[in-house]
Amino acid sequence: MVNTIDAKLLAKMFLAGAKNLEAKKEWINELNVFPVPDGDTGTNMTLTIMSAAKEVAVMEDPDMATLCKAISSGSLRGARGNSGVILSQLFRGFTKRIKGEETLTIPILSEAFDKAVETAYKAVMKPKEGTILTVAKGGADKARELAENGCDDLSVFIDEIIKYADEVLEKTPEMLPVLKQAGVVDSGGQGLMQVLKGAYDAFLGKE
C-alpha cells in the first residue's frame with residue numbers, strides 16, 4: 001500500500017491529470033456557459049496545465065522543490081482565461097505548501113488543498129459560488145475532514161475527495177441559475193475533476 005507520494009510519483013500524477021484534461025477538452029468546452037458562453041474553458045485550462053506539463057515532462061529526476069517550481073511557474077505562465085487563472089492559482093497554493101517536503105502524507109496533502117483553495121479565492125475579485133472554486137473548496141473540506149478523522153490510506157483519501165467533489169460539482173446548477181438554465185454543471189469544475197481523476201489513475205498505477 002502506497003501511503004506517501006514522492007516527487008517522482010507526484011510528477012507522474014500531474015502529467016496524467018494534464019493528459020486526462022486534454023483528452024476531455026472539447027467536452028468541457030461544450031459545458032461552458034459561465035461567465036460567458038464562449039466555449040473555451042476546456043481549451044484555456046488545457047493550455048494552462050500543458051504549459052506546466054511540458055516543463056515537468058522533461059525533468060530527469062525532480063526533487064519536490066524543482067517539481068513544484070515547474071508546476072507553479074509553468075501554469076502561471078500558461079494561464080489563459082478565468083478558469084486557467086484559477087487553475088494556476090490552485091497549483092500555486094498547493095505547491096507553496098509542499099515544496100519543502102520530501103514526501104507527502106495525508107495531513108500535508110490536506111493542508112496543501114486548503115492552501116490551494118485559499119490562494120485561488122484570493123486571486124479572484126468577486127469569487128462566485130457554483131464554479132471551479134466551489135468544487136475545489138469541497139475537495140479541500142473533505143480532505144480536512146478525512147485527515148482529522150485519522151484516515152491513513154491514501155487511495156481511500158483521494159477516492160473520497162474525488163467522490164465528494166463530484167457531488168459538489170453536481171450541485172453547481174443549484175448555485176448558478178445560468179448553469180441550471182443550460183442544464184449543465186460548471187465547466188471549470190468539471191475540468192478540475194478530470195485533472196484529479198487522471199492523477200488518481202496514475203496513483204493507482206493505471207496507464
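A pocket, on a 1 Å grid over the protein atoms alone, is an open set of points where a 1.4 Å probe fits, with protein on both sides within 12 Å along at least five of seven lines; lining residues have an atom within 4 Å of a point. Grid points are joined across faces, edges and corners, and a volume is the space filled by probe spheres set on the points.

This is a predicted model, in which local features need pLDDT of at least 70, side-chain atom pairs count only at pLDDT 80 or more, and totals for chains, interfaces and linings use all residues. Residues are numbered from 1 along each chain as its sequence is written, and side-chain values use heavy atoms, with hydrogens and water left out.

**View 1. The second largest pocket.** About 360 Å³ of space lies in this second largest pocket. Its lining has 18 residues, and K12, L15, A16, K19 and A202 are the closest to its centre. Helices here, like strands, are DSSP runs numbered from the N terminus (helices: H or I, at least four residues; strands: E, at least two). Helices α1, α3 and α10 each supply at least two lining residues of the second largest pocket. The largest share, seven residues, comes from α1. The lining divides into eight nonpolar, two polar and eight charged residues. Ala, Val, Leu, Ile, Met, Phe, Trp, Tyr, Cys and Pro count as nonpolar; Asp, Glu, Lys and Arg count as charged; the others, Gly among them, count as polar.

**View 2. The largest pocket.** The largest pocket has a volume of about 460 Å³. It is lined by 25 residues, of which F34, P35, N82, S83 and I86 are the closest to its centre. Helices α3, α5, α7 (132-148) and α10 (187-203) each give at least two residues to the lining of the largest pocket. Helix α5 provides the largest share, five residues. Eleven lining residues of the largest pocket are nonpolar, nine are polar and five are charged.

**View 3. Helix α4 and its cover.** Helix α4 covers residues 64-78, 15 residues in number. The expected span of a helix is 1.5 Å times one less than its number of residues. For α4 that gives 21 Å, and the end C-alpha atoms are 21 Å apart, which agrees. Buried residues (under 20% relative accessible area; exposed is over 50%, partly exposed in between; 1.4 Å probe, protein chains only) in α4 are M64, L67, C68, A70, I71, S72, G74, S75 and G78. What covers them includes β1 (5-6), α1 (7-23), α3 (41-57), α5 (81-98) and β2 (103-104), where contact means heavy atoms within 4.5 Å.

**View 4. R144 and its salt bridges.** A salt bridge is a side-chain nitrogen of Lys or Arg within 4 Å of a carboxyl oxygen of Asp or Glu. The structure holds 13 of them. One joins the side chains of R144 and D114 (2.6 Å, N to O). This pair links distant parts of the chain: R144 lies in helix α7 and D114 in helix α6 (residues 106-123), 30 residues apart. R144 also forms a salt bridge with D141, with the closest N and O atoms 3.3 Å apart. R144 and D141 are separated by about one helical turn because they are three residues apart in α7. R144 is partly exposed, at 30% relative accessibility.

**View 5. The pair K197 and D166.** The side chains of K197 and D166 meet in a salt bridge (2.8 Å, N to O). K197 is in helix α10 and D166 in helix α8 (residues 154-175), 31 residues apart. K197 is partly exposed, with a relative accessible area of 27%.
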